[in-house]
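I opened the model to look up a few local features and wrote down what I found. The entries follow in the order I made them.

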Amino acid sequence: MTKRASGAFDVKLTPMAPDAGAEASAIGRLALDKKFHGDLEATSQGQMLAVRTPVESSAGYVALERATGSLHGRTGSFALQHSGTMTRGVSQLVLTVVPDSGTGQLEGLSGSMRIIIAGGQHAYEFDYALPSGET
């Protein structure tokens, strides 16, 4: 059985130095620091790699982050994998739970998250499942 968690989150992106030899690739690297509120009460840290193109509003990014806290009262941690593109202002984002990354009461967690940005505020909708239909 799939359940939905929703709420707001705060995010801080901090530029990081590129790996040695990667300067010429024009791939930006950023540290992610998030705080989720609502049905998911958690902190998350991760890293993002991004590329902007000469065409305005076209870019791509990938990221990995690990969230630690509680999801509808169940405690543990899990990893999220991002893959996003923007084509001349039209965005596409896939955000999924890394298989078998759940720990504690979130062991076996699977699902996908949608990020909503409106009026400068960030929110999420997280459709997830736990083994044996546990929610």
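**Contacts of one glycine**

I began with G111 and listed its contacts beyond four places in sequence: T96, V97, F126, D127 and Y128. I note that the model is predicted.

I then placed G111 in the fold and found it in strand 7.

**Strands 5 and 6**

I looked at how strand 5 and strand 6 pair and found the antiparallel sense, over eight bridges. In this pairing I located Q81 opposite T96 of strand 6. I saw that the two strands form a hairpin with two residues between them. I checked the turn and noted a positive phi of about 50 degrees at R88.

**The largest pocket**

I looked up the volume of the largest pocket and got about 890 Å³. I counted 30 lining residues, of which M48, Y61, M86, L93 and I117 are the closest to the pocket centre.

Which elements give two or more residues to this lining? I listed strands 1 (3-16), 2 (28-36), 3 (40-52), 4 (59-71), 5 (74-87), 6 (90-97) and 7 (110-118). Strand 7 gives the most, with five residues.

I sorted the lining by class and recorded 16 nonpolar, 10 polar and four charged residues.

Methods
Residues numbered from 1 in each chain as written. Predicted model: local features only at pLDDT ≥ 70, side-chain atom pairs only at ≥ 80, totals over all residues. Heavy atoms only, no water. 1 Å grid on protein atoms, 1.4 Å probe; cavity = no way out; pocket = protein on both sides within 12 Å on 5 of 7 lines; lining within 4 Å. Points joined across faces, edges and corners; volume = space filled by probe spheres on them. Helix = DSSP H or I, 4+ residues; strand = E, 2+ residues; numbered from the N terminus. Nonpolar A, V, L, I, M, F, W, Y, C, P; charged D, E, K, R; others polar. Pairing = 2+ DSSP bridges. Contact = heavy atoms within 4.5 Å.
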